[in-house]
Amino acid sequence: MSAALLSSTLGADVNVAQNVAFYIIAAVMVWGAIRVVTTNNVVHGALWLVVVLGGIAAQYILAAAEFVAVSQVLVYIGAVMVLFLFGIMLTRATIGSDTDLNNKGWGIGIPVAAAMLGVLGYVVLDYVGDDVLVDQDEARIAITTQSISDGYLGDYLVPFIALSFVLLAAAIGAIVLARKD
Amino acid sequence: MEVLTNDNWILTVGTFLPLVGVLVMLFIPAVEETLHKQIAIVTSGATLAVGIWTLVLFDYDQSEKLQFWVDEEWISVIRSGYTIGLDGISLPLYILSMAVTFLVAIYTWDNMPDAGNPKSFLMLMMVLQVGMAGSFIAQDLILFFVFFEVVLLPMYFMIGVWGGEQRQYASLKFFLYTMFGSALMLVAFLALFFQTDAVSFGFAHLMDAGALIDRDTQIWIFAGMFVGFAVKVPMFPFHTWLPDAHTQAPTQGSVILAAILLKLGTYGFVRIAIPMLPQGAEAWAPVIGVLAVIGIIYGALGCLAQTDMKRLIAFSSVAHMGFVMLGISTLTSLGINAALFGMVAHGLITGMLFFVAGSIKHRYHTLEIKRLSGLLIQMPKMGWILGFAAMASLGLPGLAGFWGEFPAILAAWNPHPALNQDLFRTLTVIAALGTVLAAGYLLWLYQRTAFGTPSDEFSGHDSGHGGHAAHSLSAAANHDHDDHESDIHDVNTIEWIAWTPFLIAILVLGVYPQLMFEVMDPAVTQLVERVGAGIP
Amino acid sequence: MLLGAETDGVVTAGWFLQNAWLIPVIPAIAFFGILFFGKKLPRGGSELGLISMVAAFTIAAGTAWQWVDRVHAYSPEYGEAEPVIRQWTWWQSGGTEFGIGQQIDGLSVTMLLLVAFISTLVLVYSTEYVRGDRRYTHFFASITLFSAGMLTMVIAPNMVQLILGWEIMGLCSFLLIGHWWEEQANSRAALKAFFTVRVGDMGLLVGTAMLLGIFGTLDILEINQLTAEGAADDSKNLLMWTAVALFIACIGKSGQFPLHTWLPDAMAGPTPVSSLLHSSTMVVAGVFLVARIYPVFYVGLDINVAGQQFNLIAVIGGITVLIAALLAFVQDDIKKVLAYSTVSQLGYMMMSLGIGAWTAAVFHIWTHAFFKCCLFLAAGSISHTASHHSFDMKKDMGGIWRKMPVTTGAWIASTAALCGVPYFSGFFSKDEIIDSARAYDYTVFYYVGIIGAFMTTAYMTRATYLTFFGTPRGAAAHFMGVAHDTSHEVHGHAADAVGAEHADDHLPEHADAHDAHGHDAHGHDDHHVSHSRPLPFAKTDSPWQIAGPILVLGILAVSAGYINMPVHKFYWFEHQTESAIGLPIAHEEEKSADGGEGAEAAAVEGEEAHGGDEAHSEAIYSVPAPPKFKWVNAAPGLILVALGFAISLGMSMAVFGRRKNLFAPFVGLTRRNRIARGGHTVLVKKYGLDSLYENIIVRAVAYPFAKAAYWFNQNVIDAVVNGAGRSGKLTGEWIYRNVDQRVVDGAVNASGLVASESGHALQPVQSGKVNQYGALLFGAAAVGAIVLILINA
Amino acid sequence: MYAANFLLLSAVLFSIGVFGVIARRNAVMVLMSIELILNSVNLNLIAFALMNDNVDGHIFALFVIAVAAAEVGVGLAMVLMIYRNRRSIALDELSEMKG
C-alpha cells in the first residue's frame, strides 16, 4: 500500500502530499509529547504517549521503513504501553489528576531543553539544511524486510545474539526485582 | 655490562612464587583461617627456599656481574623488556625481602591484627612480596616502576584496613605521598628514556647512554628521581608520612615497611639515579648530604619528643635512613657499601624493634612510654630482646647497626674528590653528634620501659607492694582469663621462631660483616668507577 | 684471607705470640655459653666465666713470657722488637680490606696480662660477693663480656677493632652499673655512664675518620710509623684536630675533667664491677688509646717541643689530678673516695702522656691497676662482712682492723702504694711521672704532681683512719661486738638506708623479694651463716673467695713495681715496652746531671734527629729518655707525702678519734700531740665534739674548695650536661610541635584541605536526586555541544 | 521532502523528553520521557537510513526498540520495588545517593 502511495507521489520536486502528511502528523506528535510531560494525570500522560508513539510509527511509514513501523506498533503500543499502565496502576492509586506530578524543575528543565533544542536545531539546519531526500527510483536499492533480516543474520549476527541475551537478562532481572518476597 | 647466563629461571620463580599462593587462597573460603595461614607460611617458605637456592647458585667470585640474566620481549611498543638479573648490590636485599615476608607470615599465625580476615591480609602480603622482590631484580626501568607501584596498594590496604585508630588518615597520607613521588619519578624516567634516543628502558643501555646527557639536563632528570626516591626513603622534608604510617600500621605492616619498603628508595638511588646520571648525582650530592644530616639530627630530636614507643621507633628510622643517604651522597665505594649494609641492618633492627613494639602492644594494649615500666620483670626475655635491638640500633660495634653508621661517617669525611670537602666534613661532625643523640633516645626509651618496676596498672591489682613481680605474676595467673592482665606473658614460641633469625642475623652480620661486604663490594666498586668516569 | 701473617723476618714468633687473639675470643665464647646455658649449670655460669678467664690468663702469661724472649732475641738494642701482627679480613670496601686480629707488642702484652689477671681475681671474688643475687648469671655473663671487650681493644691492630672493644665495654658498663635496675637511681647512673662516654665517642668516630683521611689506613702500626716519619707534617693542622677529637673520646672514657662526673655515679654498680672498671679496664681505655697511637698525639699536639709549656693532654690531666683529689676529701662513701682517687690517678697518667713520659704512664697503669683493684675489693670486703652492705665510712665503719687482718693489711699496703711510699709499687711509677715533668721542663705540672701526691696521701689517710681505726660505729660496731650508741643501731640504719644512695644495701632486700630464679637469698639474719669458709689464718675476715684475691693483690701492690726501678737503674719494664711507643727514645749516652736541661736538649735533638741518621732511620720524631733517678729530685714529693700523712692522720684522729681515745689509747696519740703543738691543740681540746672539729678545720681549709668544686661539679657541669639533655629534649619537642607538625606536615595537610574544601563546595551537586543528575547530564551535554559548535564554526 | 524535517521533529521530541526527565517527579513519567527520547533517536536513525540509502539504520532502530523494551521492563520493576519499599515513587524524595 505504502509503496504504491510513494511511487505515485514521487517526482523530481518535493512531494507535496507527503509533506503535508508529515506536518500534520508531526504537529499532533509534538502536541502529544508536550502533553506527556505536562499533564497532571498519569494515565492521560500514558495515553498521550500512545499518540506520540503511533505518530512515530506513521512517520516511519513515510520514511519507507515499514518493517520498523510495524515493529514499533507491536512493541511499543502493544507491549510497552501495557507495561506502563500496569506500572501506573501498581504504584499509584490515584488514577485521576494529580496536582504535584511535576517537581520544581521547570526552572532548570526549560532552559536545558531549550538549549538542547537550539543546539540540535542549529546543527541540523547547518548540516543538512536544504537537502532534499532523493526520491526512490529504480536505481535505489529497496530496503526490504529481507535485507533487514539478511543484516541481522549476517553482519550483525553477534550483536543480535548479544541482544537476545540482554533481553533474557532484563527479563530475569525484572522478575527478580519485582518479586514479592 | 657483562652478564652471566645460567639457571636464569630461578629469579622469575623466586619472584612470582607467592602469586601461586595467592591463587590458591583465592579459591578457599575466608572462614578457613588456619588453612590460609598455613598456605601463606608454606608459600613464603617455598619462596625463601628458592631464595636460598639462589644464594647457593650465585657465583660469588663474580658478584659484580649480573647473574641469572633474563632478557625477554615484554612491551616492545615502548621498548621495555622483561629484563631481570641479580648482582652483589641487590642480592642481600632480595633475600632479605623473602626472609622478612616468611618470618612475618609466621608471626601472623598468632598475632592477626584485630580487624581479622587473614585471607585478604595474607594475600596482600604475598602480593607485596612479589612487588618487593621484583623491584630488586628488575633491570628495566618500566619493569622496575611496575614492581615499585605494585608494592604501593597492598601496603595501603594493610594500613587502611588493619591499622590503628587513625588508619585512614595515615594510609591516605602514605598513598598520596608515594603517588606524588612516583609521578615525578615516572616523568623523570620518561625524560631519561627520550634523552637517550628512546632506544631501550634497560638499565644497561641507560647507564651507558645516560652519562652522555649534558649536565643541566641530568640535573633536572635527577631532580625528578630524587623526589620520587626521597619520598620512599624518606628524606627529611618528605618524611612526615612515615611516623603516621608506622604508628597506624599493623605490626606486620610496620615490619615490612621498615625492613624492605624504605629500602626501595635508597636502592633506587644506588641502582638507578646515581649510575645513570653521574653528573646529576654529583650536583645533587651536597643537597642529599645536607638533607640526610638534617634528617639524622631531626629524627633524633623527634624521637626525644615522643611519648609513644612505636612512633619513637618510626622517627628513629628517619635518623637511620639519614645515615644511609649520607653514605650514598659521598659517591664513594666506602659510603655506598655502608649505605647498602645500613639498609639491611636497619631492616633487621628496626623490623625487630617493631616486632617487639607490636608484641608489647598486644600484651599491654598501650605503647605509651610513661605507662610502661619494668618490662624486664614481667617479661625478662622480651625486655632483653628490646635491649638487644636498641643497642644494635644505636650502632654498637659487634652488632649490625654499626656497619651502616661507622663506614658512612668514615666516607663522609673523605667524599668523592669532585664534591665539596669542607661541607662534607662539617656534615661528618654533625652526623657523629647524631650517634650520641641516638644513644640518648634509645637508652632513655629502654630505661623508662624496661628498667624499674611495673606500674600498678599492669602489676599487682590487689596489693600495695607493686614491685614484687613474682607475686603479681602468680596473682595474674590465678586471675580470670578475661582480664587483660593475663595477656602479659613472655615471648611465646611463635614469636621465638619469627624473631630468632632476626636476632641471629643482627649478631652474625655485626660480628662478621665481611659476609655482606664481600658480596657487595665488587659490584659497588664497579658502580663507583662508572660514576667516577661519568663525572668530568 | 691472612693479611699479614708474619711480619717479622728476623725472629720467629712462638705459639702464644701467634695465637694471642684467643685471649679475647675465649671469654667472648664463654659469654654466650653463660648466657644460654648458665642457669642450667650448678654454679649459675660463674664456673664458665672463671674457666674462660683462667684460660685467657694462661695464654696471656704465655704470651708475656714469649714476648720477653722475643725482646731478648732482638737485643741487645732494645726498642726494636717488632710487633706480632696477624689480621684476617673483617670487612672490605673498594677493594681495600680491613682486618681483625692481633697486634702483640709491649703495650698490649702488659695490658693483656693485667686485664686477664685482674679479671680472674675479680671473678673469684664475685662468686662470693654477689652470691644469691637474682641475676647472678647475668652478672657473670656481663662481666665476662666486659673483660672480653677490654681484651679485644687491647690487642687491636687497627682502629675499628679498637672501637669494637671500646664500645663493648661501654655496653657492659651500662649493664653492670645498672645491675640493680629496679632502683631508678641505678639505672640513671648506668644511663649517665653510657651517655657521657658516648658523647666522648663522637670524638672517636670523627677522629678515626680523620685518621683515614690523613693516612688512608686504619692500621695502628702504619699510622704510628707514618706519623713518626713525618708523613703527616703537611697536614699538621688536621693532625692536631685529629688528636683533639680522639682525646675527647679519652676524656669521656677515662673520666677526665670535665666529663668525669659519671665515674662516681658508676659506684651504683656492685663492688666487683667498680673494682674491675676502675683498675684495669674501662677507665684505662682512654689512657690506653692515647698510648696506643701516641705518635699522633705527640706530633699533633707538639709535645716536648721546646718552649711549649702546655698542651691539651697535660692540662686536662693536671686539672683532673687536682679537682678529683679535692673532691675526695668530702666524701663519706668509701667507694666514692676511691672513685675520685681513680679519677685523680688517671689524671696522672694523662698528664704523664702529655709531657712525653710514655713509659711512666704505662707503668702507672700497671701498678695502679693492682693497688686500686685491691682497694676496691677491700672496700667491698668490708661492706660484705663488716658493715652490713653499707659503704658509709662515718656511719658504719671504724676500728675493724682487729677482726679483718687480711683486708686491713692489703688496704694499707695498697694505700701506701697509692700514696707513693718508697718501695711500694706506686712509688716507682708516680715518682717517674713527677720526675719527668721536672726533667722535661714542665714546671707547672711538676708542682701539680707533688701537690697531687700530697693530697692523695691526705685523703687516703683520712679514709683509712675512718674505716679501720677509731671507734666502731653502726654496722661495724655490731660486727665487732662493741657496745655502740643506739642512734646508729644496725637494723634501724639498714631500714633507713633502703631509700638512700647505697645501692648495695638493696641486694638482700631484692633477693628476698624477687627470688624468681630460686637462688638462696641471703637475708639479714642468716647473713654470716651462709658465707664460705674464711682463710685459715684470718678466721674473722671475709671468706676465702674475697680475702684470697685481696691478699694476692695486696702483695702485688707492694711488689708489682719491682720490674722497673729507676732507683736502681733497673729499666726492665721499659725495655719490654718501649717498642710500642711508636717513636724511638732518644737515649743519651751521657745524661747531664741537670735533668731539666738534658731533657730539653733531648727534645731538641729529637726534632733534629732526621738529620743524623741513627738506628731509627725513618723516624724524625722521638720521645725523650726517662730521667735518671736521684733521691734529691724525689725528695720534695716524698716530704710532701709524709707531711700529708702526718697532717691528715693527726687531723683525722683529732676529728674522728676523740671518743676512741677515751676507750683505748691509740698509737697515733703522739702525732696528734704534735699537731696540737702545731697550733690546733687549742681547738682540739676546747671542743670535744667530732663534728665541730670537722666543721672548723675542714671547713676552714679543704671544705670551701672541695665544696666549691663539688658544687661546680654538681651544679655547673652536671647542670650543663643535664641542661643540654633537657634543652635537647625541649628543642626536639619544639621542633616536633612547631616545625614538623605545623610547617612540614601543615603543607601536606593544606593540600589535602584544599581538595577536601573543593569537594565540600561541590557536595551540593551530589544531591542524590535523579532529576538533578539528569539536568546536569543534559545541560553539560548541551554546553559541550555548544562549545564544540563554536570551536568548529 | 526535506531531510531536515525528520531531524527537526526528532530534535523537538528529544528536547521535550529532556524536559520531562528533568521536570517530572513521578518515576513512571520519567521513564515515559525517556521513551520519548529513545523514539526521537530512532526517528533519526530511520531518517539517516533514508538519506544514505543504507539498511543499517533500520537494523539499529530495531536494536534500540529491543533495548528500550528491556529497559522499560527493568526500569518499571525497579520502580515497583521502590514503591514497595517506600510507598512512594516521587523522585525528589529519593536522595540516598546524596554525597
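This is a predicted model: local features need pLDDT of at least 70, side-chain atom pairs count only at pLDDT 80 or more; totals for chains, interfaces and linings use all residues.

Visitor: Which residues are in contact with C:Ala557, leaving aside its neighbours within four places in sequence?

Guide: By that rule, C:Ala557 has C:Phe370, C:Phe371, C:Cys374, C:Ala413, C:Ser414, C:Ala417, C:Phe424 and C:Ser425 as contacts, once neighbours within four places in sequence are set aside. C:Ala557 also belongs to the largest nonpolar core, which has 451 residues. Along with B:Ala273, C:Ile23, C:Leu112, C:Ala116, C:Val287 and C:Cys374, C:Ala557 touches the most other members of that core. Another core lies apart from it, with 87 residues, among them A:Ala58, A:Met116, D:Phe19 and D:Leu31.

Visitor: And chain C overall: what share of its residues is buried?

Guide: Of the 793 residues in chain C, 59% are buried. Its secondary structure comes to 32 helices and four strands. For contacts in chain C with a separation of 6 or more, 77% link residues 24 or more positions apart.

Visitor: Over to chain B. What makes B:Leu372 count as buried?

Guide: The cut-off is 20 or more other C-beta atoms within 10 Å. B:Leu372 has 22 C-beta neighbours inside 10 Å, so it counts as buried. B:Leu372 sits in the loop between helix H14 (333-364) and helix H15 (375-378) of chain B. Not counting residues up to four places away in sequence, B:Leu372 touches B:Ile360, B:Tyr364 and B:Thr449. From B:Leu372 to B:Met112 there are 260 residues in sequence and 23 Å in space, C-alpha to C-alpha.

Visitor: Why are H3(B) and H4(B) called roughly antiparallel?

Guide: Angles over 145 degrees count as roughly antiparallel. The axes of helix H3 (residues 91-108) and helix H4 (residues 118-137) of chain B cross at roughly 170 degrees and come within 9 Å. H3(B) and H4(B) are therefore roughly antiparallel to each other. The residues where they meet include B:Leu93, B:Tyr94 and B:Ser97 in H3(B), and B:Pro118, B:Leu122 and B:Met125 in H4(B). By class, the contact of H3(B) with H4(B) has 12 nonpolar, four polar and no charged residues.

Visitor: How many residues do chains D and A bring to their contact?

Guide: Chain D gives 60 residues and chain A gives 76. On the chain D side, the elements giving two or more residues are helix H1 (3-23), helix H2 (27-52) and helix H3 (56-86). H3(D) supplies the largest share of that side, 20 residues. By class, the side of chain D that touches chain A has 47 nonpolar, eight polar and five charged residues.

Visitor: How many residues of chain A are in contact with chain C?

Guide: 10 residues of chain A are in contact with eight of chain C. The chain A side has seven nonpolar, three polar and no charged residues.

Methods. Residues are numbered from 1 along each chain as its sequence is written. Chains are lettered from A and ligands numbered from 1 in the order in which they are written. Two residues are in contact if their C-beta atoms, placed from the backbone, lie within 7 Å. Ala, Val, Leu, Ile, Met, Phe, Trp, Tyr, Cys and Pro count as nonpolar, Asp, Glu, Lys and Arg as charged, and the others, Gly among them, as polar. A nonpolar core is a set of buried Ala, Val, Leu, Ile, Met, Phe, Trp, Tyr and Cys residues joined through C-beta atoms within 7 Å. A residue is buried if 20 or more other C-beta atoms lie within 10 Å of its own, exposed if 12 or fewer, and partly exposed in between; C-beta atoms are placed from the backbone. Axes are lines fitted to C-alpha atoms, for helices over the stretch in contact, and angles run from 0 to 180 degrees between N-to-C directions. Angles under 35 degrees count as roughly parallel, over 145 as roughly antiparallel, 65 to 115 as roughly perpendicular and the rest as oblique.
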